[in-house]
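Biologist: I would like to go through this structure feature by feature. Please give the general idea each time, then the case at hand.

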Amino acid sequence: MDRYPTVTEVSDSARQLVSRFPGSGRLRRIGTSRAGRPVEMLSVGHGPRHVLVVARPHPDEPVGGATALALAERLARGDRLSPATDPALVTWDIVLCLDPDGAALSRGIEEATAGPGHTLDAYYRSAYRPVAAEQPEWAPIESVQLPETQALFDVIDELGPVLQCSLHGVEAGGSWVQLTRDLPGLGLPFRASAAELGIPVQRGTFDALYWENPGPGVYVLPPPDSTGRLAAGSENIGRSTWCAPQRYGGVTAIVEVPMWASGLAADPSPHPDATGALRDLAALVRDGGQQVTAVLDKARTFLPPAADSPPRRVLEWMADGLYDLVADAWEPLARQAADGPRRLTTAQVCALDIVARRQPLRAAGLLLRLLAAADDTAAPGLHRDLDELFTAWCADFEQALRLRWVPVRDQAELQARTVVAAAGTALTTGTAPR
């Protein structure tokens, strides 16, 4: 496996698996996307307990498709990796792609990251990530109910899974796991697998800055009333699909693996100047956002309207305060770095560095695509100016974080091993089968 599979390839491989292992696997349509695309689920095994795996919840994170296929193949073959993979005890239900519409808008991402020339430049020119209200896992937080979201809620209510695993990927940094309830037996096998595969464990993450941290790379969702310890914009996280298995005594594991690794993500040493670094990073995300927005301002009259263009909706959403929201969320950390007894680590600052750089890059990549498709006479000049910024930002990102590509097979292997380890741990602490 030297590249990410497309959604079509994942679906075709699932059908072939069902044919190759008759009686072991079943493929069914559990829902329909907003644009009419199927949301499919592959089930392997016949046990009374269920492990639900959700691939491609974010369309710009394609590793989940590779992981889904690797898991399904091992399960159908009967590889007894642990009691959790015994088909008489556990049924594994794998949603092959939760956001097929978003994946269609990221359809060049598989080719862009294939071959020997893996670059952030190619990735961000192809990636698409919808606004929060159009992300199936996250939309309920925004009081929006998408058909993809409802399909997942319905499956959770049908199966009452002891474990839900959401397969995520991050552009750069290290690997980590977020949990809705602690699984004390997960940390050691997760870290052992990461070490064997040469993937750093993220010791400090932007997604869970204030969550409980029982061990390196493991973060546990704080109680619902601890809203001050949640990332900005996630105060209603209890509404998300992540928390739905709690109704049945289940737990959710969000498994993140990096496309490009940075050793800085695993460095627990105190940062020599965290206050200065946070100040610089806040300026970086704000300044980058302002530069992209300035180009957007000049192009608004000839770009497709937001109502008809998901990329345009993302650009307007980001321009409407998102850059400031990201930077402002770090103010408590800046105060802690300046006055508190704990000093921020190099790994924690690295995590924020990644966010500061990726926000303007995401927007610039989308705007470059829109400008390239525009027929207005001003478009080529705006594209040229933004392209120069974009190229320089990508190069600086790679150099500053000392990034190295993680082979797709290693990304998927770490994610698959972690899912199996989480299932084994959850089964020993979960509820009885329904």
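Biologist: Is Trp 260 buried or exposed?

Modeller: Trp 260 is buried, at a relative accessible area of 3%. Buried means under 20% relative accessible area, exposed over 50%, and partly exposed in between, with a 1.4 Å probe and protein chains only. Before going on: this is a predicted model, in which local features need pLDDT of at least 70 and side-chain atom pairs count only at pLDDT 80 or more, while totals for chains, interfaces and linings use all residues. Residues are numbered from 1 along each chain as its sequence is written, and side-chain values use heavy atoms, with hydrogens and water left out.

Biologist: How many aromatic pairs does a search of the whole structure find?

Modeller: In general, a pair of aromatic rings is described by the distance of the centres and the angle of the planes. Rings of Phe, Tyr and Trp (its six-membered ring) pair if their centres lie within 6.5 Å; planes under 30 degrees apart count as stacked, over 60 as edge-to-face and the rest as tilted. The search finds 6 aromatic pairs. In one of them, Trp 176 and Phe 206, the ring centres are 5.6 Å apart and the planes are at 85°, so the pair is edge-to-face. Trp 176 belongs to strand β6 (residues 176-179) and Phe 206 to the loop between α7 (187-197) and β7 (212-215), so the pair ties together parts 30 residues apart in sequence. Helices (H or I, at least four residues) and strands (E, at least two) are DSSP runs, numbered from the N terminus. Both Trp 176 and Phe 206 are buried.

Biologist: Why is the pair of Trp 260 and Trp 405 edge-to-face?

Modeller: The ring centres of Trp 260 and Trp 405 are 4.9 Å apart and their planes are at 70°, so the pair is edge-to-face. This pair links distant parts of the chain, 145 residues apart: Trp 260 is in strand β9 (residues 251-261) and Trp 405 in strand β10 (residues 404-405). Trp 405 is also buried, with a relative accessible area of 17%. Ring pairs join Trp 260 and Trp 405 with Tyr 4, Tyr 123 and Tyr 124 into a cluster.

Biologist: Which residues of helix α1 are buried?

Modeller: The general idea is that an α-helix has 3.6 residues a turn, so residues three or four places apart point the same way. Helix α1 (residues 7-20) has 14 residues and reaches 20 Å from its first C-alpha to its last, close to the 20 Å expected at 1.5 Å a residue; the expected span is 1.5 Å times one less than the number of residues. Val 10, Ser 11, Ala 14 and Leu 17 are buried in α1. They lie on the same side of α1 because they cover an arc of only 120° around the axis, taken from the directions from the helix axis to the C-beta atoms. Thr 8 and Ser 19, on the other side of α1, are exposed. The buried residues of α1 pack against β1 (25-32), β2 (38-44) and α2 (63-77), where contact means heavy atoms within 4.5 Å.

Biologist: Which residues touch the most other members of the largest nonpolar core?

Modeller: In soluble globular proteins, nonpolar side chains tend to be buried together. A nonpolar core is a set of buried Ala, Val, Leu, Ile, Met, Phe, Trp, Tyr and Cys residues joined through side-chain atoms within 4.5 Å. Here the largest core has 127 residues, and Val 53, Trp 92, Leu 163, Leu 367, Leu 371 and Phe 397 touch the most other members. Helix α11 (residues 346-373) gives this core its largest share, 15 residues. Apart from neighbours within four places in sequence, Leu 371 contacts residues including Val 295, Phe 302, Leu 382 and Leu 386. A second, separate core of 14 residues includes Ile 30, Val 95, Leu 98 and Ala 151.

Biologist: How many disulfides does the search find?

Modeller: A disulfide is a covalent bond between the sulfur atoms of two cysteines. The cut-off used here is a pair of cysteine sulfur atoms within 2.5 Å. The search of the whole structure finds 0 disulfides. The sulfur of Cys 97 is 17 Å from the closest cysteine sulfur, in Cys 165, too far for a bond. Cys 165 is in no disulfide either, the nearest cysteine sulfur being that of Cys 243, 15 Å away. Cys 97 is buried at 5% relative accessibility, and Cys 165 is buried at 0%.
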